[in-house]
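Visitor: I am new to this structure. Please walk me through it, one question at a time.

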Amino acid sequence: MASSELIKKLEETIENIPDFPIPGIHFKDICPIFLQPKLYEEVIADLASFSRGKVDVVCGIESRGYLFGIAIAVALDVPFVLIRKAGKLPPPFIGEKYDLEYGSAEIEMKTGHIKQGQRVLIHDDLLATGGTTEAAAKLVSKQGAIPSQFSFLINLKDLNGKERLKTFQTEVYSVLEY
């Protein structure tokens with residue numbers, strides 16, 4: 001959906017940092033996008049167009065999922081719900097554990113912020129292996145809502161996160177793929 005012009009602007013703006021945070025990793029630094037308000041607005045417009053009329057709520061995954069997720073929700077005129085790392089929310093909340101390459105992690109969300117049957121967009125800045133996003137979708141499902149879409153600024157396609165999300169039989173969109 002993203003225009004070739006938007007993709008070009010983003011590719012010229014996002015900085016590639018070699019060997020960060022460890023050797024062999026090519027980190028995609030999205031921070032320069034925030035130095036260009038008009039470019040940020042274009043990204044939000046593109047992400048919102050993917051979901052317009054298809055979702056009732058946007059959930060953003062801590063913390064970089066908030067950077068775009070809140071603005072997407074505002075553009076769609078729907079509520080925004082935080083999905084946070086464990087231990088950051090006051091009760092009542094529910095959690096979901098998931099495996100990382102080395103160890104495990106847990107994310108949580110407040111109960112009652114999404115309703116049974118609501119269509120939910122789950123947004124994060126980056127799709128890698130899909131573990132965190134999968135856990136977020138399970139949190140949404142536990143509350144009787146429907147993870148109806150996933151969106152990302154960037155999909156690292158070689159890490160197969162999109163494949164992992166196919167179990168939810170829903171739309172997956174990223175502005176950029178590397």
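**Loops, rings and bonds**

Guide: This is a predicted model. Start in a loop: Pro 21 sits between strand E1 (15-18) and strand E2 (26-29).

Visitor: What kind of peptide bond joins Phe 20 and Pro 21?

Guide: Look at omega. For this bond, omega is about 5 degrees. The bond between Phe 20 and Pro 21 is cis.

Visitor: Where is Ser 63, which a cis peptide bond joins to Glu 62?

Guide: For the bond between Glu 62 and Ser 63, omega is about -10 degrees.

Visitor: Is Asp 19 buried, partly exposed or exposed?

Guide: Asp 19 lies in the loop between E1 and E2. Its phi is near 60 degrees, a positive value in a residue other than glycine. Its relative accessible area is 48%.

Visitor: How are the rings of Phe 50 and Tyr 173 arranged, stacked or tilted?

Guide: The count of aromatic pairs comes to 7. In this one, the ring centres are 5.0 Å apart and the planes are at 25 degrees. Planes under 30 degrees apart count as stacked. The pair is therefore stacked.

Visitor: How many residues apart in sequence are the parts that this pair ties together?

Guide: Phe 50 belongs to helix H2 (residues 37-51), and Tyr 173 to strand E9 (residues 171-177). Phe 50 is buried at 5% relative accessible area, and Tyr 173 is buried at 9%. The pair ties together parts whose separation in sequence is 123 residues.

Visitor: Which residues do ring pairs link into a cluster with Phe 34?

Guide: Phe 34 is partly exposed, at 31% relative accessibility. The rings of Phe 34 and Tyr 40 have centres 5.7 Å apart and planes at 55 degrees, so that pair is tilted. Ring pairs link Phe 34 into a cluster with Tyr 40 and Phe 68.

Visitor: Which ring does the charged end of Lys 28 sit over?

Guide: The charged end lies 3.9 Å from the ring centre. The ring belongs to Tyr 178.

Technical notes
Residues numbered from 1 in each chain as written. Predicted model: local features only at pLDDT ≥ 70, side-chain atom pairs only at ≥ 80, totals over all residues. Heavy atoms only, no water. Phe/Tyr/Trp six-rings, centres within 6.5 Å; stacked < 30°, edge-to-face > 60°. Buried < 20%, exposed > 50% of the residue type's maximum accessible area, 1.4 Å probe, protein only. Helix = DSSP H or I, 4+ residues; strand = E, 2+ residues; numbered from the N terminus. Lys NZ or Arg CZ within 6 Å of the ring centre and 35° of its normal.
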